[in-house]
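Here is a short report on one protein model. Please keep the sequence and the structure in view while reading.

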Amino acid sequence: FANVVLVDEINRALPKAQSALLEAMAERQVTVDGITRTLPDPFLVLATENPIEQEGTFPLPEAQLDRFFLRTALGYPTLDDEVRVLDEQLHGHPLARLRPVVRAADVKALAAAVEEVYVDPLVKRWIVELVRATRTLELVEVGASVRGSLALERAARAWALGHGRDYVVPPDVERLFEPVVMHRLVLAEELVLEEVGDAELASQVWDACLALAPRPEPGWD
């Protein structure tokens, strides 16, 4: 019962414990002993994940992955950033010095502003066509659900607002396809066995989807 919940190393939790997050993430509520309690608004779950090949980890079920709005990889910091990490922890951990920079009301106001960002019907239809294309690819065993279409459209709105626009353009959708859609897919086994890098996998899926759902063009005539 907090506005921001951080689940560290989520794939070290047993599958039963992981599944307990599903109701909270999807319904913004928890039910214990038949009593349902609403979670605070805004409510956000952040999670870190260890490489699956490490001992003591469990793959997250597809239903839970689908609840995460987007997925990204930070990788290792640059040399200068890693030196900065050493400097910043010289006199204690920097987490102890964190202070709020926004109020919950500010976050809710931003969320309301995102709803006002314009998405042209051509772009909106293209988003749906791209997500639907994942369900027909030979590269993919299980495509993205309708939740993927919703997330991609909402992410594009938020991205546009963050870049000072009140409208979405196709490059917004292209930029967000990988972090919003790829973790929702179950890739074909032979593709996974090839041990291709995540970036190359995403590129292959994107190219295949784009072939089935070309970029929208206005019909000026």
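Leu-130 is found in helix α6. Helices here are DSSP runs of H or I with at least four residues, strands are runs of E with at least two, and both are numbered from the N terminus. The model is predicted, so local features need pLDDT of at least 70 and side-chain atom pairs count only at pLDDT 80 or more, while totals for chains, interfaces and linings use all residues. Residues are numbered from 1 along each chain as its sequence is written, and side-chain values use heavy atoms, with hydrogens and water left out.

Is Leu-130 buried or exposed? Leu-130 is buried, because its relative accessible area is 0%. Buried means under 20% relative accessible area, exposed means over 50%, and partly exposed lies in between (1.4 Å probe, protein chains only). Leu-130 touches Val-173, Phe-177, Trp-206, Cys-209, Leu-210 and Ala-213, leaving aside residues up to four places away in sequence. A contact is heavy atoms within 4.5 Å. Leu-130 and Arg-157 are 27 residues apart in sequence, and their C-alpha atoms are 17 Å apart in space.

## Overall picture

The protein has 10 helices and six strands. Its C-alpha trace spans about 65 × 50 × 45 Å along the principal axes. Of the 221 residues, 30% are buried. Take the contacts between residues at least 6 apart in sequence: 71% of them join residues at least 24 apart.

The protein exposes about 14,900 Å², and carbon and sulfur atoms supply 57% of that area. Accessible areas come from the Shrake-Rupley method with a 1.4 Å probe; for residues, only the protein chains shown count as cover.

## The nonpolar cores

In soluble globular proteins, nonpolar side chains tend to be buried together. A nonpolar core is a set of buried Ala, Val, Leu, Ile, Met, Phe, Trp, Tyr and Cys residues joined through side-chain atoms within 4.5 Å. The largest core holds 32 residues. Those touching the most other members are Leu-130, Leu-152, Val-168, Val-173, Phe-177, Leu-185 and Val-205. Elements giving two or more residues to this core are α6 (121–133), α7 (146–162), α8 (170–181) and α10 (198–212). Another core, of 11 residues, lies apart from it and includes Val-7, Ile-10, Val-45 and Leu-65.

Which residues does Phe-177 touch? Beyond residues up to four places away in sequence, Phe-177 touches Leu-130, Thr-134, Leu-152, Met-182, Val-205, Trp-206 and Cys-209.

Helix α7 has 17 residues, which should span 24 Å at 1.5 Å a residue, and its end C-alpha atoms are 24 Å apart, in agreement. The expected span is 1.5 Å times one less than the number of residues. The buried residues of α7 include Gly-148, Ser-149, Leu-152, Glu-153 and Arg-157. Their cover includes α5 (104–115), α6 and α8. Just after α7, Gly-164 takes a positive phi of about 75°.

Helix α8 has 12 residues and reaches 16 Å from first to last C-alpha, close to the 16 Å expected. Its buried residues are Asp-172, Val-173, Leu-176, Phe-177, Pro-179, Val-180 and Val-181. Cover for these residues includes α6, α7 and α10.

Val-4, Leu-6, Leu-44 and Leu-46 make a nonpolar surface patch of about 370 Å². Elements that give two or more residues to the patch are β1 (4–7) and β4 (44–47). Patches use residues with over 30% relative accessible area and no salt bridge; like charges are joined within 9 Å, and nonpolar side chains (Val, Leu, Ile, Met, Phe, Trp, Tyr) within 5 Å. A salt bridge is a side-chain nitrogen of Lys or Arg within 4 Å of a carboxyl oxygen of Asp or Glu.

Leu-44 sits in strand β4. Leu-44 counts as partly exposed because its relative accessibility is 42%.

## Backbone details in the loops

The peptide bond from Asp-41 to Pro-42 is cis, with omega near 5°. Pro-42 lies in the loop between β3 (35–38) and β4.

Arg-28 is not a glycine, yet has a positive phi of about 55°. Arg-28 lies in the loop between α2 (21–27) and β2 (29–32), and is partly exposed at 40% relative accessibility. Asp-33, also not a glycine, has a positive phi of about 55°. Asp-33 lies in the loop between β2 and β3. Asp-33 is exposed, with a relative accessible area of 78%.
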